[in-house]
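Dear colleague,

I am handing over the structure that we talked about, and below it I have written out what was found. Please keep it open beside this email while you read.

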Amino acid sequence: MTEPVSPAREIAAGYATDGAALELGTVVVEGMADPSAKVRIPLAMMNRHGLIAGATGTGKTKTLQVIAEQLSAAGVPVVMADIKGDLSGLSRPGTTNDKVASRAADTGDDWTPAGSTVEFVSLGTEGIGVPIRATITSFGPILLSKVLGLNATQESVLGLIFHWADSRGLALLDLKDLRAVIAHLLSDEGKAELKGIGGVSAATAGVILRALTNLEADGGDTFFGEPEIDPSDLLRVNADGTGVITLFELGQQAARPVLFSTFLMWILADLFEFLPEAGDIDKPKLVFIFDESHLLFTDSSKAFEEQVVQTVKLIRSKGVGVFFCSQQPTDIPNEVLSQLGARIQHALRAFTPDDQKALSKTVRTYPTTKTYDLEEALTSLGTGEAIVTVLSEKGAPTPVAWTMLRAPRSLMDTIGPDAITAAATASGLQAKYGPTIDRESAYEKLNAKVLVEQAAPQASAPVPTAKKEKEEPGMVQEVLGNSAVKSFLRSAASAAGREITRSIFGTARRKR
Ligand SMILES: Nc1ncnc2c1ncn2[C@@H]1O[C@H](COP(=O)(O)OP(=O)(O)OP(=O)(O)O)[C@@H](O)[C@H]1O
Ligand SMILES: [Mg+2]
């Protein structure tokens, strides 16, 4: 007689892989973890995206840490934001204690301390990491509107202003360039042009100008400018084959959530522009993790949400995986949620009627399970436990698994601001990104009253010109749900060469 397979083993059978996988932990049934019943995400499925959710203190950040360090070990670069400062420990080997040892035993993990290569970066020059910048031109009007808190009308006006600057070949490198352009359009000599753009009222342009001034006064401007981040610096693999983890140290900027979350979205859109189609992959080219990702969708415009959905949908084919991390899965729009193949749901609270509603909704997103009462399970998970379902190597949802998560092998704590500063100062990226560059752009041109039409000829013009989308016209069309973006491309076709073309999110990319 063969022994019947235990429910834990039966679930784990759904997680068996031929290729490499990230080990999440082991199956828990009736309160007992079975160290031999492994729960894992196939590495080849990491570009099918995922969600990590759970109430505060339930283990989300440690789960991110477990995933990031294994990706790095498998040779996959990772980009993530260190919102609370507790992820810097990824760079150091962890320390063991009774809890770690008992978790290692429960999860069948031959735990040994190990740190990963971490590049500490910051948005702009005010942080403790290597400064990362974007130009206003490539940031584009949709994302900038989000940062400035503009309404839909103001957003479309900003789009037209960008369009005007793009078509005149005026590079908007930093905030003062954009201010100069708007000031020009509001000035006596610029008035006629303002009329010519159509639909732009001086009052709205004035509102945008004030919003820009506020952003500057708030110190939120130092990440607009040059040198702009080169996406290949986020895709680095060490000589020993391990992937580099780029950690955005937010520090003070954690108080400006819209700013940094929008900036991270730009980085993702920029990577989309930069990366070629990847076809079938055995591991992702990069995994991008949005912690506190509800911030991305707070007060977001329809145009913005549509573009997030499109980016997430399309970037998979470039071999990039995106993981959203949030307290409530309901913080994330349904259209985005439906794109996420892996779900790691830590404990949810069910205190209020709203909590209860969110809980029932979450339960409905899972495959059916005979083993667990999901509503009860989701409210009684222990710290560092989660309800998991992922995509198998064949792309089918795996059985629902109450999972005891592994303990991170890296340090479960911050390494502190001094150590982060020291690492950033010693970084090889410092020479490239440390000093701010201020080359001739719209501000200087308009100030010098150089008429736009007489601007330097194309060959010598230091204007960031986005590469023309020739590879995937179909895809670009698909991306362009936004009429402002459409008009950019239309006009680009009519005045070849000098203009700046825009695609996803209205972002643009300089020539490489
Ligand atoms: N996988 C794990 N291995 C070991 N300990 C863990 C694990 N997950 C959680 N813990 C313990 O629980 C604590 C809280 O976890 P964590 O910081 O990841 O929660 P969180 O969900 O990110 O909380 P917040 O929403 O407040 O950021 C950790 O400091 C750690 O002690
Ligand atoms: Mg956390």
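Let me begin with one pair of strands: β3 (residues 50-53) runs parallel to β10, and the two are joined over four bridges. Within this pairing, Ile-52 has Ile-344 of β10 as its bridge partner. Strands here are DSSP runs of E with at least two residues, helices are runs of H or I with at least four residues, and both are numbered from the N terminus; two strands count as paired if DSSP finds at least two bridges between them.

Before going further, please note that this is a predicted model, in which local features need pLDDT of at least 70 and side-chain atom pairs count only at pLDDT 80 or more, while totals for chains, interfaces and linings use all residues. Residues are numbered from 1 along each chain as its sequence is written, chains are lettered from A and ligands numbered from 1 in the order in which they are written, and side-chain values use heavy atoms, with hydrogens and water left out.

The pair belongs to an open sheet of 12 strands with mixed pairing, whose order is β2-β1-β12-β11-β10-β3-β9-β8-β4-β7-β5-β6. At its edges are β2 (32-42) and β6 (130-132), each of which pairs on one side only. From one strand to the next the twist averages 30 degrees, where axes are lines fitted to C-alpha atoms (for helices over the stretch in contact) and angles run from 0 to 180 degrees between N-to-C directions.

Two backbone details deserve a look. In the loop between β2 and β3, His-49 has a positive phi of about 70 degrees although it is not a glycine.

Ligand 1 is surrounded by 18 residues, the closest being Thr-56, Gly-57, Thr-61, Lys-84 and Arg-406; a residue counts here if one of its heavy atoms lies within 4 Å of the ligand. For Lys-62, a backbone N or O atom lies 2.9 Å from an oxygen atom of ligand 1.

Which helix gives the largest share of the lining of the largest pocket? That share, five residues, comes from α2, which spans 60-73 and, like β1 (21-29), supplies at least two residues of the lining. The pocket has a volume of about 290 Å³, and of its 22 lining residues the closest to its centre are Glu-69, Gln-70, Ala-73, Ala-114 and Arg-409. (On a 1 Å grid over the protein atoms alone, a pocket is an open set of points with protein on both sides within 12 Å along at least five of seven lines, whereas a cavity is a set where a 1.4 Å probe fits but cannot get out; lining residues have an atom within 4 Å of a point. Points are joined across faces, edges and corners, and a volume is the space filled by probe spheres set on them.)

There are five cavities of 30 Å³ or more, and the largest cavity holds about 70 Å³ of space. Its lining includes Leu-51, Arg-343, Ile-344 and Gln-345, and β10 gives the largest share, three residues.

With best wishes

Technical notes:
A polar contact is a pair of N or O atoms within 3.5 Å; within protein, one must be able to donate a hydrogen and the other to accept it, and residues adjacent in sequence count only if both atoms are side-chain atoms.
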